[in-house]
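Q: I have not looked at this structure before. Could you take me through it step by step?

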Amino acid sequence: MTTKDKVPDIPEDLNKSHADVLATIQSGWMLRDCQSYYSELKSCESLKGRFYQFYIDGHQGDCTQWSDNHKDCKLWTNSADKEAASRIIDREKDRIKERLRGHYENDVWEKRSTPPPEEEWNKPLPQYMLDRQENSYLTLYTKLQEKKDSATEGELKIMEVQSKMVNSAPTCTIL
């Protein structure tokens, strides 16, 4: 048996090794690399992950989904098991559905069916926002940059000396 005839035990990349089979599975694009599921599992089981789960949900989360996904991914990788792939895809669909549940159940905002009219895209800002914008740090920084760009060499030297004096002087004196 030559090395060409030898079939590797574990393919190097999940989606490239069984791309032809994966293309026949509906929503096959949702199947991720096994390393992704392993990373999610380790993150879920870590001390930091457990603390986060307790802080957000009030109890420790169940990590069996990530463990099952990782095991099924290994089955898919090693033997192109379609049932394992479809189980992962079903769990991924449920996870995404749960993740977006708040978005779809949101009844506070009215969802648009069409984009806003053209005149609303470039509507001018209200006067109170324009007034606040005049003294913002971004405006002050832009004015300083414009001043530096239009300054002569002598003015730049003066600005440099002024900034050195400001930066070298102590800002807080405790008596």
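A: The protein chain exposes about 15,100 Å², and carbon and sulfur atoms supply 55% of that area. Accessible areas come from the Shrake-Rupley method with a 1.4 Å probe, and for residues only the protein chains shown count as cover. This is a predicted model, in which local features need pLDDT of at least 70 and side-chain atom pairs count only at pLDDT 80 or more, while totals for chains, interfaces and linings use all residues. Residues are numbered from 1 along each chain as its sequence is written, and side-chain values use heavy atoms, with hydrogens and water left out.

Q: How many helices and strands does the protein chain have?
A: The protein chain has 11 helices and zero strands. Helices (H or I, at least four residues) and strands (E, at least two) are DSSP runs, numbered from the N terminus.

Q: What percentage of the 175 residues is buried?
A: Buried residues make up 19% of the 175 residues. Buried means under 20% relative accessible area, exposed means over 50%, and partly exposed lies in between (1.4 Å probe, protein chains only).

Q: Which residues have the most contacts inside the largest nonpolar core?
A: They are Ile 25, Leu 31, Tyr 37 and Trp 76, in a core of 15 residues. Helix 3 (34-45), helix 5 (64-79) and helix 6 (82-99) each supply at least two residues of this core, and helix 3 gives the most, with four. A nonpolar core is a set of buried Ala, Val, Leu, Ile, Met, Phe, Trp, Tyr and Cys residues joined through side-chain atoms within 4.5 Å.

Q: And Asn 69, buried or exposed?
A: Asn 69 is buried, with a relative accessible area of 0%. Its place is in helix 5.

Q: What is Asn 69 in contact with, leaving aside its neighbours within four places in sequence?
A: Asn 69 is then in contact with Tyr 37, Ile 88, Arg 91 and Glu 92. Contact means heavy atoms within 4.5 Å.

Q: Where is Arg 87 found?
A: Arg 87 is found in helix 6 and counts as partly exposed, at 35% relative accessibility. Leaving aside its neighbours within four places in sequence, Arg 87 is in contact with Asp 72 and Leu 75. The C-alpha atoms of Arg 87 and Cys 73 are separated by 9.5 Å, the two residues being 14 apart along the chain.

Q: Changing topic: at what angle do the axes of helix 3 and helix 4 cross?
A: They cross at roughly 65° and come within 4 Å, helix 4 being residues 47-57. Axes are lines fitted to C-alpha atoms, for helices over the stretch in contact, and angles run from 0 to 180 degrees between N-to-C directions.

Q: Which residues make that contact?
A: Helix 3 contributes Ser 43, Cys 44 and Glu 45, and helix 4 contributes Leu 47, Gly 49, Arg 50 and Gln 53.

Q: Then what is the phi of Ala 80?
A: The phi of Ala 80 is near 50°, a positive value in a residue other than glycine. Ala 80 is found in the loop between helix 5 and helix 6 and counts as partly exposed, at 21% relative accessibility.
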